[in-house]
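This briefing covers a surface patch, a helix pair and a salt bridge. The sequence and structure come first.

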Amino acid sequence: PVLDTEDAWVSVEGPVSIVELALEQKRIHYPLVEHQFVLCTLLYAIMRLSLKGVKPLSLFDSKGKNAFFKDLTSIQLLPSGDMDPEVLSLRQQFLLKVVSAAVQTLCSSQKDREVSEEEYFPFEKGKNWPTLAADLAQYLQISEDLVRRHYVCELYSYGMDHLGEE
């Protein structure tokens with residue numbers, strides 16, 4: 001990009017401007033950042049919903065694991081369309097666990113009527129974990145419909161029929 005500067009600023013001495021520093025930075029490889037974002041979201045779900053026995057790196061194949069430890073500016077080989085069925089099975093089980101834990105948390109907080117959802121998840125107003133799990137399903141190559149069907153089944157099993165019908 002062309003940066004026009006006024007004549008008064010041309011003769012100024014001092015440290016390099018932040019704009020010039022930003023322009024000198026290497027461009028990041030966006031798919032790699034997106035890959036890192038998926039891992040962070042998985043870790044946050046594990047922590048927030050207190051999921052036990054989940055090994056987050058087992059949800060990725062060898063290419064995906066190697067990409068986590070590379071510079072964000074490097075162009076890495078990321079997992080492509082063909083995935084190991086075992087990894088896909090682990091991913092599916094994980095997403096279903098997230099949905100089940102979210103519904104269980106929602107039901108237990110609503111049974112305690114004294115505690116609202118905002119108080120139970122204070123920093124997550126409007127955070128809908130089952131929807132997040134369905135969004136993650138796209139990245140993890142799992143059917144969104146499978147996650148949504150499991151969500152509806154969980155709502156019915158916890159007696160929240162009015163939400164399940166929606």
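**Surface patch**

A nonpolar patch on the surface is formed by Leu3, Ile18, Val19 and Leu23, with about 380 Å² of accessible area together. The model is predicted: local features need pLDDT of at least 70, side-chain atom pairs count only at pLDDT 80 or more, and totals for chains, interfaces and linings use all residues. Residues are numbered from 1 along each chain as its sequence is written, and side-chain values use heavy atoms, with hydrogens and water left out.

- Patch members have over 30% relative accessible area and no salt bridge, and nonpolar side chains (Val, Leu, Ile, Met, Phe, Trp, Tyr) are joined within 5 Å.
- Accessible areas come from the Shrake-Rupley method with a 1.4 Å probe.
- Val19 lies in helix H2 (residues 18-24); helices are DSSP runs (H or I, at least four residues) numbered from the N terminus.
- Val19 counts as partly exposed because its relative accessibility is 42% (buried is under 20%, exposed over 50%, partly exposed in between).

**Helix pair H3 and H7**

- The axes of H3 (residues 30-48) and H7 (residues 129-139) come within 11 Å and cross at roughly 145°; axes are lines fitted to C-alpha atoms over the stretch in contact, and angles run from 0 to 180 degrees between N-to-C directions.
- Residues of H3 that meet H7 include Glu34, Val38 and Tyr44, and among their counterparts in H7 are Trp129 and Leu136 (contact: heavy atoms within 4.5 Å).

**Salt bridge**

- One salt bridge is found in the whole structure (a side-chain nitrogen of Lys or Arg within 4 Å of a carboxyl oxygen of Asp or Glu).
- Glu144 pairs with Arg148, the closest N and O atoms being 3.4 Å apart.
- Glu144 and Arg148 are separated by about one helical turn because they are four residues apart in helix H8 (residues 144-157).

Terms used
Patch = residues over 30% accessible without salt bridge, like charges linked within 9 Å, V, L, I, M, F, W, Y side chains within 5 Å. Helix = DSSP H or I, 4+ residues; strand = E, 2+ residues; numbered from the N terminus. Buried < 20%, exposed > 50% of the residue type's maximum accessible area, 1.4 Å probe, protein only.
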